[in-house]
Amino acid sequence: MAVNFLSSTQTKLITFSDTSKSQIHLLKLQGGFCCKRKDVKVTIGKGIRCSAQPAPPPAWPGTALVDPGTKNWDGQKPISIVGSTGSIGTQTLGIVAEHRDKFRVVALAAGSNVTLLAEQVKTFKPQLVAIRNESLVDELKEALADADYMPEIIPGEQGVIEVARHPDCVTVVTGIVGCAGLKPTVAAIEAGKNIALANKETLIAGGPFVLPLAHKHNVKILPADSEHSAIFQCIQGFPEGALRRIILTASGGTFRDWPVEKLKDVKAAEALKHPIWPTMGKKVTVDSATLFNKGLEVIEAHYLYGSDYDDIEIIIHPQSIIHSMVETQDSSVLAQLGWADMRIPILYTLSWPDRIYCSELTWPRLDLCKLGSLTFKAPDKSKYPSVDLAYSAGRAGGTMTGVLSAANEKAVEMFIDEKISYLDIFKVVEQTCEKHQSELVAAPSLEEIIHYDLWAREYAASVKSSTPGLTPITVA
């Protein structure tokens with residue numbers, strides 16, 4: 001479904017292209033409305049067209065079932081890792097190191113961390129290695145000169161693509177951040193590889209293109225982040241139509257207990273101190289503070305499980321023990337609980353549909369009595385404008401969700417570099433989405449997805465601070 005993006009400060013006039021107004025279900029969408037009838041076109045404001053489009057097929061339509069004939073691996077399942085030197089990649093390799101009888105690495109791709117990549121090659125002996133920064137190939141070869149093993153090395157983006165579609169691998173872990181992960185993921189899908197999904201842009205920006213492609217090639221997209229893994233685990237074996245509502249839990253981030261009035265004075269160093277997940281990257285930590293991480297996960301949930309945006313809810317859960325919940329048609333609620341440990345969802349993407357025994361020496365077991373209590377509250381939308389922005393972009397669909405994500409990534413970068421204030425993050429994203437509404441593409445190609453990702457970053461970077469708000473500069 002595609003509708004135009006509307007600002008919370010705008011009021012739009014609506015006229016209908018048919019006379020069956022009584023049959024139209026309208027939703028209040030910030031300052032405007034969204035039409036849910038698939039056969040109705042709506043003109044909003046100054047000639048902006050809004051035509052409801054059928055959504056792409058979800059990765060898991062409210063249930064997770066094992067296909068007949070799915071192979072259970074008795075030995076080492078061969079995997080590739082795209083983004084091996086990042087947080088997801090290093091944690092995945094830690095899992096492989098602990099469970100060498102279950103997994104083996106056939107290919108690794110990294111960006112520019114030659115030292116760590118060389119260590120990984122020496123330890124795991126992959127057949128193929130790629131380094132995205134082509135200028136570092138000689139340095140990598142030199143770092144491996146004293147090794148007893150030399151893999152094939154392919155530099156640049158093509159090398160990353162070859163790692164993703166390595167003929168021997170069964171599952172590809174996609175840990176590259178941003179739209180840089182889209183082309184390798186598409187290549188892996190076209191080669192029939194299952195995707196252990198840690199790259200948000202694959203669905204947030206690429207969902208309208210990637211999901212039909214995955215269905216075409218009978219590829220499974222297995223969520224590696226904690227919230228969507230929780231949902232995935234909860235819907236195992238659900239009968240068709242059983243899922244009623246998705247409940248995404250959020251820690252609330254660094255400023256969950258701060259008054260709204262104090263946020264204008266937030267500094268980057270303060271935003272980077274997460275109360276629950278201290279080892280996350282800078283961008284993800286800021287996203288947790290703004291709650292953009294949860295808004296983006298709402299969009300991912302829509303694409304992964306096919307739930308309407310009305311049926312996806314966010315709640316603040318400070319302890320971060322319940323990683324998310326689902327409600328069934330009979331009002332039962334199922335939850336997945338555990339300590340804050342990203343290794344669990346990563347492991348499940350590799351082992352699914354099996355469960356692998358993990359020693360409590362390295363995988364602490366949850367003790368609810370020791371924990372004591374769990375608390376919940378609704379997000380304060382005055383503190384988290386990102387929530388409405390994300391729902392609006394999600395309902396707009398098409399290229400709007402990728403623009404939202406890219407604009408946010410650029411805004412966070414500018415905030416960390418102290419070029420804009422904390423509250424300006426929301427303004428930059430909103431203005432970028434508003435600018436894009438007249439060019440929104442409902443069913444984009446891969447090239448269009450990448451084009452508007454780059455456009456959104458450029459436009460967000462061109463927005464400068466002024467009084468009383470942010471003013472966009474014309475982008476060529």
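Select glutamate 418 to start: at 65% relative accessibility, this residue counts as exposed (over 50% relative accessible area; buried is under 20% and partly exposed lies in between, with a 1.4 Å probe and protein chains only). Glutamate 418 is in the loop between helix 15 and helix 16 (424–436). Helices (H or I, at least four residues) and strands (E, at least two) are DSSP runs, numbered from the N terminus. Phi of glutamate 418 is near 65°, a positive value in a residue other than glycine. Most residues other than glycine have a negative phi, and most peptide bonds are trans.

The model is predicted: local features need pLDDT of at least 70 and side-chain atom pairs count only at pLDDT 80 or more, while totals for chains, interfaces and linings use all residues. Residues are numbered from 1 along each chain as its sequence is written, and side-chain values use heavy atoms, with hydrogens and water left out.

**Whole chain**

Zoom out. The protein chain holds 17 helices and 18 strands, and 55% of its 476 residues count as buried.

**The largest nonpolar core**

A nonpolar core is a set of buried Ala, Val, Leu, Ile, Met, Phe, Trp, Tyr and Cys residues joined through side-chain atoms within 4.5 Å. In the largest one, of 99 residues, select Trp60, Ile221, Tyr305, Leu404, Phe415 and Tyr422, which touch the most other members. Helix 15 (residues 400–416) gives the most to this core, with 9 residues. At least three residues come from each of domain 1 (77–227) and domain 2 (228–461); these bounds come from an automatic or database domain assignment.

Now show the surroundings of tryptophan 60. Beyond four places in sequence, its contacts (heavy atoms within 4.5 Å) are Leu65, Lys220, Ile221, Leu222, Phe232, Ile235, Leu304, Tyr305 and Trp352. Apart from this core lies another, of 31 residues, among them Val114, Ile131, Leu144 and Met342.

**Strands 8 and 9**

Select residues 128–131 and 152–155. Strand 8 and strand 9 run parallel and are joined by 4 bridges; two strands pair if DSSP finds at least two bridges between them. The chain passes from strand 8 through helix 3 (residues 137–143) to strand 9 in a right-handed β-α-β crossover. Right-handed means that, with the strands pointing away from the viewer, the path from the first strand over the helix to the second runs clockwise. Leucine 128 has glutamate 152 of strand 9 as its bridge partner.

**Helices 4 and 5**

Next, select helix 4 (residues 156–164), where the buried residues include Val160, Ile161 and Val163. The buried residues of helix 4 pack against strand 6 (77–82), strand 7 (103–110), strand 8, strand 9, strand 10 (171–174) and helix 5.

Helix 5 (residues 182–190) is largely enclosed by the rest of the structure, because 7 of its 9 residues are buried. Just after helix 5, glycine 192 takes a positive phi of about 80°.

Finally, which bond is cis, with omega near 5°? Select tryptophan 352 and proline 353: the peptide bond from the former to the latter is cis. Proline 353 sits in the loop between helix 12 (343–351) and helix 13 (368–371). Threonine 70 is 283 residues from proline 353 in sequence, and their C-alpha atoms are 9.0 Å apart. Threonine 70 is partly exposed, with a relative accessible area of 34%.
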